[in-house]
Amino acid sequence: MTSDLDRLVEQARSAFSAAVQSAALENEKARFLGKSGAITERLKALAGLAPEQKRDAGALINAAKGSIERLLAERRQALAEMRLDQQLAAESIDVTLPGRARSVGAIHPIARTWIRIEEIFRSIGFDFAEGPEIETDWYNFTALNSPENHPARSMQDTFYVDAHDGEGRPLVLRPHTSPMQVRYARTHTPPIKVIAIGRCYRVDNDATHSPMFHQVEGLWLDENISFADLKAVYTNFLRCFFETEELAVRFRPSYFPFTEPSAEIDMMFTNGARKGRWLEISGSGQVHPNVVRNFGFDPERIIGFAFGSGLERLAMLRYGVDDLRMFFDGDLRFLKQFV
Ligand code: DAH
């Protein structure tokens, strides 16, 4: 009897430890302690024994039952701990991993230049306008008094788009912002003070030219203004932009089809590290009477002054960049310096 019960306890021990899932363990429990389990069967069998024997045998069977119940409880506990350990291992976080850094963006130097120019001109009462980068022949050339044989009209200078306007003339990627003078003037009445900033395109690519670049166009139309007004506005703009009074400006005679007279604006730092030579910074002039007529105004009454400057040129001088292409290479070593 004793050895039979001992064997039963040992069977239970190995059955329980073979069970690695709690469902399997509960099935094993039924085999020993369930309604028709081995222990239960033995207790039922006591019924046929004499009282004396029943008491002794009953005590032994109950002792074995107690042992099996303890083994079961131990195994339940062990399985629960195993599950917890597995879960902890699966969900563990390696706190020694380096963090995922979030890099800080910055405003691109050309965008900064744009914002700066816009702020300066708005502060002296100029409106701000933007217009299409794909332009019609009329706004881009004809309205601006550019003759049929003007070099800007050639394929070598201008990107043509494979599409046409209502008159069958090819559309162009605007090579300058000057068509914005026409667009704005035809929808406003003098006095007009406006700047337009935007992307322009030309068949050009070297250290100081890129096929896509930016210009700021300025237009001032009124009855009683003179070249002196243009000179004062532009000189003050440059002094604000470069944050120095030590800057000389000169207007050098030049030619543009849409201005008469026309001038190239040169500037020179007169002191400090950048002191040196004259630098060409902008085209300018008094708006040609034909162009004023194309605006829809009487050139006998309304006179206009205009300028067009490259943003890249201004940015290069302000930040000391000597190759314009760096602005568009996307090299973070360059761009990070503007954070
Ligand atoms: N549009 C000219 C260019 O891209 C620059 C220019 C010259 C603009 C004279 C003007 C101007 O408004 O008056 O070369």
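A residue is counted as near a molecule if one of its heavy atoms lies within 4 Å of it. With that in mind, let us visit the ligand: 15 residues surround it, and the closest are His176, Ser178, Gln181, Arg202 and Glu217. Keep in mind that this is a predicted model, in which local features need pLDDT of at least 70 and side-chain atom pairs count only at pLDDT 80 or more, while totals for chains, interfaces and linings use all residues. Residues are numbered from 1 along each chain as its sequence is written, and side-chain values use heavy atoms, with hydrogens and water left out.

Now look at the polar contacts, which are pairs of N or O atoms within 3.5 Å. His176 places a polar side-chain atom 2.9 Å from a nitrogen atom of the ligand. In Ser178, a side-chain N or O atom is 2.9 Å from a nitrogen atom of the ligand. Gln181 has a polar side-chain atom 2.9 Å from an oxygen atom of the ligand. How much of the ligand does the protein bury? Taken alone, the ligand exposes 350 Å², and the protein buries 90% of that (areas come from the Shrake-Rupley method with a 1.4 Å probe).

Which parts of the fold supply the shell around the ligand? Strand E6 (212-222), strand E9 (279-287) and strand E10 (303-310) each give at least two residues to the shell; strands here are DSSP runs of at least two residues, and helices are runs of at least four, numbered from the N terminus. By class, the shell has 4 nonpolar, 9 polar and 2 charged residues. In this scheme Ala, Val, Leu, Ile, Met, Phe, Trp, Tyr, Cys and Pro count as nonpolar, Asp, Glu, Lys and Arg as charged, and the others, Gly among them, as polar.

Next comes helix H10 (residues 311-319), whose buried residues are Leu311, Glu312, Leu314, Ala315, Met316 and Leu317. Buried means under 20% relative accessible area, exposed over 50%, and partly exposed in between, with a 1.4 Å probe and protein chains only. Just after H10, Gly320 takes a positive phi of about 65°.

The peptide bond from Pro190 to Pro191 is cis, with omega near 0°, and Pro191 is in the loop between helix H7 (179-185) and strand E5 (192-201). Another cis bond joins Glu260 and Pro261, with omega about -5°; Pro261 is in strand E8 (residues 259-269). Glu243, in the loop between helix H8 (227-241) and strand E7 (247-256), has a positive phi near 55° and is exposed, with a relative accessible area of 57%.

Conventions:
Polar contact = N/O pair within 3.5 Å; in protein donor to acceptor, adjacent residues only side chain to side chain.
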